[in-house]
Amino acid sequence: MKILVTGGAGFIGSAVIRHLISKTQHSVVNVDCLTYAGNLSTLDHVSSNPRYSFEKVNICDTAAVQGVFERHRPLAVMHLAAESHVDRSIDGPSAFIQTNVVGTYTMLEASRRHRQSLPADEQGAFRFHHISTDEVYGSLGDEGLFTEKTSYDPSSPYSASKAASDHLVRAWNRTYGLPVVLTNCSNNYGPYQYPEKLIPLTITSALAGKPLPVYGKGENVRDWLYVDDHARALVAVLERGLVGETYNIGGNSERKNIDVVRTICGLMDELSPNTTNRPHEKLITFVTDRPGHDHRYAIDASKIHRDLGWTPEESFTSGLRKTVQWYLSNEDWCRQAVADRYSGERLGLKS
Ligand code: DAU
C-alpha cells in the first residue's frame, strides 16, 4: 500500500515512517513543510529506500496538496502534521488554527476528491487516519481514565484545535462517506523529540547545567507512551482498524511531572559524562504554572488491546533510560534542531 504521511519529519511522524519502511512492505510519501520542529535527518536511516519519497508541501496549500495526490495516488493517508506544543499555542494560537484546523480540512477535501478518482475496489480500501491527542478530553481528577466515549472538553488553544480537527474528520465520514479511522494518544517520549517538551527539555537543560523548570508544584500527571510503541499502534489501526472507529493509545505509565524530572536527574547522575552538575536535582526550579494547565491525563487503552491485540512493549523505566542515553549520544542532533530557533526559554506565559 502507498501511504501518504503528513508531518513525517516530525517526532511521531518520523517514527511512523521508520517503522513503515523497516518493518513493513508499504511505500511512504512524506509530506512536510519543515517548520521549526521538522527535521529530515530523523529519516537518514530510511530516506534512500526506494519505497520512500519526500514532498516539501504545506498541508494548507490546496493546489500543492492536490498535486501530491495526483502524482502519487496513495491508498491511505496518515495525517500527523500539526502544531503540537501547548505552550506555543498560548503565545500564538493562529498557527494552530491554520495548520491543525484548516490543514486538516484541506487534507480531507483533497482525500475526498482523490478517492473519487480511484477505481471502485480502491475506493473501498482507501483510509484517512487522523492522529490526535488525549488532550481533546480535557482534564481528569485524581481518579478515572479517558475512554473513546469520554466527552470532549479541551482547555488550550492547541487541544481545542485538535478537537476541531477530530470533529471535521468524523463529519467527512458521516457526510461524504470518507473511510476514516481516528486515534487519540497520550504523551509521547523517545529519540528525536524536539527539546521544548518536558522530557527532552529536562535532559538537554540538565546536560547544560541550566535550571529545570517544573510548572506549579509538579503535581500534574501525564501518561507516558514510548514513541515506537505508538508507531506500531498507528500502523495496526491503519491496517486493521474499523472504519469510523476511534482508538485510544496510552502507555499505562502515569507519573507526576516532578517524579519524571527527578528520575531523569537520577539517570543523568548515572549516565552523563559531565560530572560537574551532580546531583542534577539541585537544578530543579519550580516556576509559575501554565495557564489552563490540565491536572491529569490517563488513557484506557483496552479497546485497541482487545480489538487489535496492541499493547505497549516499553516500560517507562526502560524507555526513559533509552531516551536519556539517546540524547547523551546525539548532542549534535539536539544542537542543530534548536540552532537559531529555541534556546530553552519559558514559553506560554502570555495572558
Ligand atoms: O497528551 C498528549 C499531548 O502531550 C500532545 O498532544 C501534545 O502535543 C504534547 O505536547 C503533550 O502535551 P503536554 O502539554 O502534556 O506536554 P509538555 O511536554 O509540554 O508538558 C508535559 C507536562 O510537563 C505538563 O504538565 C507541563 C509540564 N512542564 C512542561 C514543560 C515544557 C513542566 O513542568 N515544565 C516544562 O518546562
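Here is a short chat about a predicted protein model. Local features in it need pLDDT of at least 70 and side-chain atom pairs count only at pLDDT 80 or more, while totals for chains, interfaces and linings use all residues. Residues are numbered from 1 along each chain as its sequence is written, and side-chain values use heavy atoms, with hydrogens and water left out.

Colleague: What radius of gyration does the protein have?

Modeller: That radius is taken over C-alpha atoms, and the globule rule is 2.2 Å times the number of residues to the power 0.38. For 351 residues, a compact globule would come out near 20 Å. The protein agrees with that, at 20 Å.

Colleague: Which helix holds Tyr 158?

Modeller: Helices (H or I, at least four residues) and strands (E, at least two) are DSSP runs, numbered from the N terminus. Tyr 158 sits in the run covering residues 157-176, which is helix 6.

Colleague: Is Tyr 158 buried or exposed?

Modeller: Buried means under 20% relative accessible area, exposed over 50%, and partly exposed in between (1.4 Å probe, protein chains only). Tyr 158 has 8%, so call it buried.

Colleague: Which residues does Tyr 158 touch, leaving out those up to four places away in sequence?

Modeller: A contact means heavy atoms within 4.5 Å. With those sequence neighbours left out, the list for Tyr 158 reads Glu 83, Ser 84, Val 86, Ser 89, Phe 96, Asn 100, Thr 133 and Glu 135.

Colleague: How many Å separate the C-alpha atoms of Tyr 158 and Leu 198?

Modeller: Along the chain, Tyr 158 and Leu 198 are 40 residues apart.
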